[in-house]
Amino acid sequence: MKANKDYFLAFIFSLLVSCAAPQDSPPEPVDPVPHARQLDWQQLEFYAFAHFNMNTFTNREWGMGNEDPALFNPTDFDPAQWARVCKAAGMKGIIITAKHHDGFCLWPTSTTEHSVKNASWKEGKGDIIKEVAEAFRKEGLKFGVYLSPWDRNHPDYGKPEYIEVFRQQLRELLTNYGEIFEVWFDGANGGTGYYGGANEERRVDKKTYYDWQNTYAIIRELQPNAVIFGDAGPDVRWVGNEHGYAYETTWSNLMRDSIYGGMPEYAEKYASGQENGTHWVPAEADVSIRPGWYYHEYEDHKVKSLPQLLDIYYNSIGRNSSLLLNFPIDKRGKIHENDIDQLMKLVDKVKADFESPISIEEDNLSASSSRGKGFEVMQILDERLDRYWAAEEGKSNASITIDFGDPVAFNRFLVQENIALGQRVKSFDLEVQQGSDSWEKIASGTTIGFKRILRLPDTRATRIRLTIHEAKGSPTISHLALYQAPSLLLPPQISREKSGMVSLQSSEEGLEMYYTLDGADPARQGILYSGKFEVLEPATLRAISRDPKVEAFSEPVEVELQLAKKNWKVMDPEEDANHLIDDNANTNYFSKKDKVTIDLGATYTLNGFTYFPMQNRYLSGLIRSYSFLVSKDGDQWEEVSTGEFGNIANSPIEQRVNFSTIEARYIQLKALDKLDDQPASFAEIGVLID
């Protein structure tokens, strides 16, 4: 009896299956297509870089290889803090500089004495790599390693023997520290160094010296799921700049066999990928949260602003790239508080931007073409990549329309391709209808890839249409979404010209700005900004932004404006003299005489001066000790202040010096001592008047 029942159930099941309409076959892949490990990597999107090594303690970016290992000595090493910060930020893992160009290894390697086993830290008994790997795995995050091919310390670098040393270091890292998600190789290699104590230059043939195919084989054997990063991949490629920006057109396809690590023309010819690329090698955008990759105390005030970080996010993740954001770990062995503050501002803003997608129902959707069952347009509402809309076979142009009926407001548009079948879309338009039958184009684009995000003006529309004009094969879209992101409500940016004209710039279009010149509250007593205004005398400028849509104010910003430099003149000028008094801290003036003399254009009662040191990434000619003199006629001079700019090496911010009031028309600032032997440098000089 049981056998008859089982037979009956099987018959019913087969009948139901036979009556159900079969799903149509999927589109044929458009080569190249990603490997499974590349698909897994692509979905990480956002993860951390940590530059922490000998350079942290020598205040350099590139060490020479002659550093004493004992210098490596973090005072409060805390990888658990790194992991907590990264997890809170939604980052998926970290890549650490296990060995940089100077050759110092953060683990007790058997290949060299230039490592933590000879560091002061933990009396040589520590292992940075072990502690970081364990801290991140404890938080459920991934771990990766940066290993510099160049070694400015090892005596065999440049010789065949070094390749086995390099490979042994790789084997140690891939064997002793658990699963590795990415192995990162720098393209910088070959040059001057202290190779085993020999201060000399050693060049290598970057195409052949490292025998990369056999080196990669070690990774495939020991860590088969790890992606390998390099200029030519083979799995993930450099985006071609250190700004964190991918390109308007970013292909994941690459002419991989035409490229080698450190190739001079790589950024110009290959970094954005190629439509006809032979291999799948997607882009990774690497950028530091500060100007430098390693920690320098003098950059504590130069952490990237929220608008800068937001631009990086949208121009990397929003342009078919992942984002590798670097933290220069400080001398304590921690991520600095300033870096954390800015990171979390970015995280909070991105979360707010994508917190509430505009609701799209299946009935709202239609497509000009569809492949059939299983590939209907409604599939784009599912965020899974294996559920997707596909146009008919052979149809390289098609459109998707969303009909809301009633107007909706949005300013972000997100679209993704099913990259498992290859990157296809070559050009698209985004159009809207706003109460009439005519379509208005509001944006255009080229490539989409894994993810494309468009930042748009605030837009209201009843119908929205994505039109794909050209594709490599029938297009596939796995996900599409619209969002109404809140305004970036930040205080205005304030700038002033030499003429005394002041400008305010808002963080986003559509914001109002209010200001006062007497220190009063601009939210209550402010003047609505409508254009540049003149401020010649010292004033306390306070400004605020207001979002009229939600009637909210930003925090206020306050700037102490000094005497305008409208009538100032540099006496006995050298080159680019106007840079000294143009009220722009991003331009510099250099004096071979190590002094500057200025005619203020009139006599004033002075009670101090300001010196703004240069703000470049690499500093030179900063004044450490000074003499400040004044004169009524330019002939008879009186010294009114002398001293030091304390800690200017580590904190190159505006230096403010007060002295007893004195009348003068001419001023002179002399450099008595500098941080180096370069000409004295000045970003700006100013005076304080009574």
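**Asp 300 forms a salt bridge with Arg 290, with the closest N and O atoms 2.9 Å apart.** A salt bridge is counted where a side-chain nitrogen of Lys or Arg comes within 4 Å of a carboxyl oxygen of Asp or Glu. Asp 300 is in the loop between strand E11 (283-288) and helix H9 (306-316), and Arg 290 also lies in the loop between E11 and H9, so the pair ties together parts that are ten residues apart in sequence. Helices (H or I, at least four residues) and strands (E, at least two) are DSSP runs, numbered from the N terminus. Both Asp 300 and Arg 290 are buried. Buried stands for under 20% relative accessible area, exposed for over 50%, and partly exposed for values in between (1.4 Å probe, protein chains only).

The model is predicted: local features need pLDDT of at least 70 and side-chain atom pairs count only at pLDDT 80 or more, while totals for chains, interfaces and linings use all residues. Residues are numbered from 1 along each chain as its sequence is written, and side-chain values use heavy atoms, with hydrogens and water left out.

**A salt bridge joins Glu 248 to Arg 452, with 2.8 Å between the closest N and O atoms.** This pair links distant parts of the chain, 204 residues apart. Glu 248 sits in the loop between strand E8 (236-238) and strand E9 (253-254), whereas Arg 452 belongs to strand E18 (residues 452-471). Glu 248 is partly exposed at 36% relative accessible area, and Arg 452 is buried at 3%. In general, side chains of opposite charge can pair when their charged atoms come close.

**Arg 332 and Asp 330 meet through their side chains in a salt bridge of 2.7 Å, N to O.** Arg 332 is partly exposed, with 26% relative accessibility. Asp 330 is buried, with a relative accessible area of 3%. The structure holds 44 salt bridges.

**Helix H4 (residues 79-88) has the buried residues Pro 79, Gln 81, Trp 82, Ala 83, Val 85 and Cys 86.** The partners of these buried residues in packing are strand E1 (46-51), strand E2 (93-99), helix H5 (128-138), strand E12 (321-328) and helix H10 (337-353). Contact here means heavy atoms within 4.5 Å. Gly 90 follows H4 and has a positive phi, near 80°. Cys 86 has a relative accessibility of 0% and counts as buried. Cys 105 is buried as well, with a relative accessible area of 0%. A disulfide is a pair of cysteine sulfur atoms within 2.5 Å, and by this rule the count is zero.

**Thr 401 is part of strand E15 (residues 398-416).** Its relative accessibility is 8%, which counts as buried. With residues up to four places away in sequence not counted, Thr 401 touches Asn 364, Leu 365 and Ser 366, as well as Trp 439, Arg 463, Ile 464 and Arg 465.

**Asn 607 lies within strand E31 (residues 595-612).** Asn 607 is buried at 18% relative accessibility. Apart from neighbours within four places in sequence, Asn 607 is in contact with Val 657, Asn 658, Phe 659 and Thr 661, and also with Leu 688, Ile 689 and Asp 690.

**Ala 552 is found in strand E27 (residues 552-553).** Ala 552 is partly exposed, its relative accessible area being 24%. Neighbours within four places in sequence aside, Ala 552 is in contact with Leu 489, Ser 545, Arg 546 and Asp 547. Ala 552 and Leu 489 are 63 residues apart along the chain, and their C-alpha atoms are separated by 8.4 Å.

**The chain that holds these sites comprises eleven helices and 36 strands.** Its C-alpha trace spans about 120 × 70 × 45 Å along the principal axes. Of the 690 residues in the chain, 55% are buried. Among contacts between residues at least 6 apart in sequence, 74% join residues at least 24 apart. The chain exposes about 29,700 Å², of which carbon and sulfur atoms supply 47%. Accessible areas come from the Shrake-Rupley method with a 1.4 Å probe, and for residues only the protein chains shown count as cover.
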